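Have a look at the picture first, and then we'll go through it piece by piece.

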Amino acid sequence: MLGRRGQDLRHMTLRRQSSLGPWAQFGIRVAAMLFLLAFIIGFHWIERESLRDNLDGHVSFSDIIYFTMISATTTGYGDIVPVTDQARLFDALIVTPIRVFFILILAGTAYTFVIKRVWSKWLMQRIQNALRDHVVVVGYGVSGTEAVKELIARGTDLRGIVVIDCDEAALQDAEELGCAVLKADATRDKVLQAVRIEQAKALIVSAGSDDTSILVTLTARHIAPKLKITVKVRNTDNELLARQAGATTVVNPVSFAGLLLAGSAEGPVVHDYIADLASMSGRVQLVEREVRDSELGKSLGDLEPGLGVRIVRDGLPVGFWEEGARMLCPGDIIVEIVPTCFREADKHPDVIPAGRPT
């Protein structure tokens, strides 16, 4: 029986975030150690006749505390020793396991409060220092997962993908792929700054709800004014709000699905070709790029090996049939169709695949 994303339910563990904070957990560990020490001290005091002090021959309460501490934490120094079988069995069967338990508690506490934090901080700093021209994906649900898979298929380095989500299970899936992950709320400035959003190449926002996605977009645009931001919204009324928040591209999967459904009513050819253009798994691919110096002055129809279909000049679209497409100018953005078997991006690194609606 398979669960979420094909995971075997027999190997899944039901987890819930602990309501106890780090210091509360620390207090519980200290209380457990004190209780065990008190238990050992009480037994040794009751059975003090079973002990022998090699210095003065008298076992006082302070000697009991001293003997208990060195017995529970070390192997002892031989100045106070158990002399009866009962005392020796207690030390061997009770005190020795407790001594091991103390070591585990101390090691676990040190790892939780010192080693883990230092290691995590060092590892995060190392990842941050390597982040340049990366892609940040906010939300690793169905759409976010497909977006990451498509980025990988288009040749994006896994080390250049950062996933932000609040769902630990989703982050584990992304981490298994090789992506850097961060469990946090992406609407906060510090979170986006932590993933070096101002140095990113693009931001893909699929946060689950339109209001959260728009807030993430607004926050990111405030930090990185020139960042390319693609946002998924489900409500048509929110498309304008997303653009006003700073989105470069707004994708509405509901509207896009409606277009495909309407087009497929005439037959499957148009639907299949649009899907072909949008995915790396097809025979052709739709890409966008800046015009190259060698192409200046040429017509959009003279491009090779791709098929030019549109120019974006000064923010305005120019179709291949229009007068402006007869001469390419500096700063033009070209949208063209290229065969997947011979991707222009392999030859020219400046080619940027057009975003795929999800």
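Which residue in β11 does Arg-310 stand opposite? Arg-310 faces Gly-319. What you're looking at is a predicted model, where local features need pLDDT of at least 70 and side-chain atom pairs count only at pLDDT 80 or more, while totals for chains, interfaces and linings use all residues. Numbering starts from 1 along each chain as its sequence is written, and side-chain values use heavy atoms, with hydrogens and water left out.

β10 (residues 307-313) and β11 (residues 316-319) run antiparallel and are joined by four bridges; strands count as paired if DSSP finds at least two bridges between them. Together they form a hairpin with two residues between them. Asp-314 sits in the loop between β10 and β11, and its phi is near 55°, a positive value in a residue other than glycine. Asp-314 is also exposed, with a relative accessible area of 76%. Here, exposed means over 50% relative accessible area, buried under 20%, and partly exposed in between, with a 1.4 Å probe and protein chains only.

Most residues other than glycine have a negative phi, and most peptide bonds are trans. Another exception on phi is Asp-133, with a positive value near 50°. You'll find Asp-133 in the loop between α3 (85-129) and β3, and it is exposed, with a relative accessible area of 56%. As for peptide bonds, the one from Glu-304 to Pro-305 is cis, with omega near -5°. Pro-305 lies in the loop between β9 (284-290) and β10.

Now step back to the whole chain. There are 11 helices and 13 strands; these are DSSP runs numbered from the N terminus, with helices being H or I of at least four residues and strands being E of at least two. Of the 358 residues in the chain, 38% are buried. The chain exposes about 21600 Å², and carbon and sulfur atoms supply 60% of it, by the Shrake-Rupley method with a 1.4 Å probe.

What about the inside? A nonpolar core is a set of buried Ala, Val, Leu, Ile, Met, Phe, Trp, Tyr and Cys residues joined through side-chain atoms within 4.5 Å. The largest one has 30 residues, and Val-136, Val-138, Ile-164, Ile-197, Leu-203 and Leu-227 touch the most other members. Several elements each supply at least two residues of this core, including β3 (135-138), β4 (161-165) and β7 (228-232). The largest share, four residues, comes from α7. Apart from this core lies another, of 13 residues, among them Val-137 and Ala-174.

Arg-196 lies in the loop between α6 (189-194) and β6 (202-205). Leaving aside residues up to four places away in sequence, Arg-196 touches Gln-125, Gln-128, Asn-129, Leu-131 and His-134, where contact means heavy atoms within 4.5 Å. Finally, Asp-276 is in helix α10 (residues 268-278) and is buried, with a relative accessible area of 15%.
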